[in-house]
Amino acid sequence: MRIFVAGAAGAIGQRLVPQLVAAGHQVTASTRRPDGQARLRAMGAEPAVMDGLDPAAVGEAVARARPEVVIHQMTALAGGTDLRHFDRSFAVTNRLRTEGTDHLLAAATAAGARRFIAQGFTGWSNIRSGGPVKTEQDPLDPDPPANQRQTLAGIRYLENVVPGAPGLEGIVLRYGALYGPGTANEVLGLTRQRKLPLVGEAGGVWSFLHTDDAAAATVAALTRGRPGVYNITDDEPAKVADWLPWLARELGAKPPMRLPVWLARLAAGEVAVSVLTQIRGSSNAKARAELDWVPSWASWRQGFLAVDAAERAGGPAGAARTAGKASGGMASGGMASGGMDSSGHS
Ligand SMILES: NC(=O)c1ccc[n+]([C@@H]2O[C@H](COP(=O)([O-])OP(=O)(O)OC[C@H]3O[C@@H](n4cnc5c(N)ncnc54)[C@H](OP(=O)(O)O)[C@@H]3O)[C@@H](O)[C@H]2O)c1
């Protein structure tokens with residue numbers, strides 16, 4: 001199959017492109033950087049240079065590739081996330097999820113593509129009332145913290161236009177909080193540095209996802225699944241109160257600080273309080289049933305330990321860290337936090 005991957009050098013793209021090539025697909029992979037082409041070629045793809053916000057460049061690159069499937073993996077999160085200014089951190093990503101999606105959808109349609117798969121997100125975007133784990137039937141948060149409204153609007157836009165795109169089978173894969181090779185593994189770094197506190201009851205529920213499982217779900221969605229949105233998460237949504245102390249212990253780090261909600265709110269703002277105490281997790285049942293996909297890293301427990309072992313051995317999971325990305329804070333496609341140190345400053 002001929003496949004166009006927009007944003008192929010990112011956390012997911014660099015795990016996805018080799019899987020696509022290994023499955024025998026003919027892959028065109030985009031980057032904005034002319035000097036990034038060699039890396040994409042080394043993965044077995046044909047590189048294309050384009051800025052996703054330039055409609056002419058997108059149109060030309062996609063037309064040249066004549067893809068049957070277009071995959072949108074463009075985000076701009078490498079700088080990390082400032083929780084106090086969440087929407088500001090996501091400003092370019094929000095444009096890529098709205099304007100960038102429009103340009104790519106138009107290009108895919110003009111090139112005669114059959115299917116369009118876009119990177120979405122699940123986690124803090126879920127409604128924060130009712131049960132601890134949400135499905136695709138549950139609404140997005142009707143009242144997110146003020147600082148997340150624009151980012152949620154971007155997610156909402158993507159989830160409306162992609163499945164509804166005329167003439168295309170549009171699928172949004174809502175990836176959970178990513179970790180693994182290609183990412184900065186922020187959660188591990190912040191836990192080691194004791195920058196993630198237990199706030200109040202620490203009842204925020206997180207759904208994690210290993211990058212190789214994100215890539216595998218994307219491969220599954222090439223041929224399976226009806227148009228719509230799919231939560232792509234591991235099998236064990238977990239409260240911060242469960243995963244954070246466990247992780248600190250396993251990493252040999254000091255136990256996390258405890259902070260009252262009022263102090264965390266004062267020190268780090270509403271988004272930090274929300275993700276640590278209020279957010280809900282996400283069920284992967286629909287993806288398992290309709291995409292016939294199962295996460296090979298079924299729980300963050302085994303995944304985090306594997307990443308830690310690889311980082312200690314200086315392996316690929318550690319590469320992003322040594323490249324200096326870990327300190328940028330937990331970008332997490334949105335789940336994020338710059339961390340809070342012992343005095344509660346983010
Ligand atoms: N669900 C999640 O939790 C989630 C999702 C995504 C990312 N993240 C986290 O965010 C951090 C950074 O992610 P990342 O490494 O994927 O980097 P990123 O900066 O978000 O870039 C991702 C991809 O988007 C492309 N891109 C950025 N701006 C573009 C534009 N204007 N036009 C076209 N393409 C553009 C980049 O291409 P270039 O080659 O041109 O730079 C790259 O291939 C990682 O730690 C990751 O874990 C988390």
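Angles under 35 degrees count as roughly parallel, over 145 as roughly antiparallel, 65 to 115 as roughly perpendicular and the rest as oblique. The model on display is predicted; local features need pLDDT of at least 70, side-chain atom pairs count only at pLDDT 80 or more, and totals for chains, interfaces and linings use all residues. Residues are numbered from 1 along each chain as its sequence is written.

**The whole chain**

Begin with the entire chain selected. There are 14 helices and 15 strands, where helices (H or I, at least four residues) and strands (E, at least two) are DSSP runs, numbered from the N terminus. The radius of gyration is 19 Å, close to the 20 Å that the globule rule gives for 346 residues, so the chain is as compact as a globular protein of that length. This radius is taken over C-alpha atoms, and the globule rule is 2.2 Å times the number of residues to the power 0.38. Along the principal axes, the C-alpha atoms fill a box of roughly 55 × 45 × 35 Å.

**Helices 1 and 8**

Next, select residues 13-22, which form helix 1, and residues 211-220, which form helix 8. Their axes (lines fitted to C-alpha atoms over the stretch in contact, with angles from 0 to 180 degrees between N-to-C directions) come within 8 Å and cross at roughly 45°. The two helices are therefore oblique to each other.

**Helices 5 and 6**

Move to helix 5 (residues 91-110) and helix 6 (residues 149-161), which pack at an angle of about 20° with their axes 7 Å apart. Helix 5 and helix 6 are therefore roughly parallel to each other. Asn-94, Arg-97, Thr-98, Thr-101 and Leu-105 of helix 5 meet residues of helix 6, among them Gly-154, Ile-155 and Tyr-157.

**Helices 10 and 11**

Finally, select helix 10 (residues 261-268) and helix 11 (residues 270-277), whose axes come within 7 Å and cross at roughly 135°. That angle makes helix 10 oblique to helix 11. On the helix 10 side, Val-261, Ala-264, Arg-265 and Ala-268 meet Glu-270, Ala-272, Val-273, Leu-276 and Thr-277 of helix 11.

Definitions and conventions: Contact = placed C-beta atoms within 7 Å.
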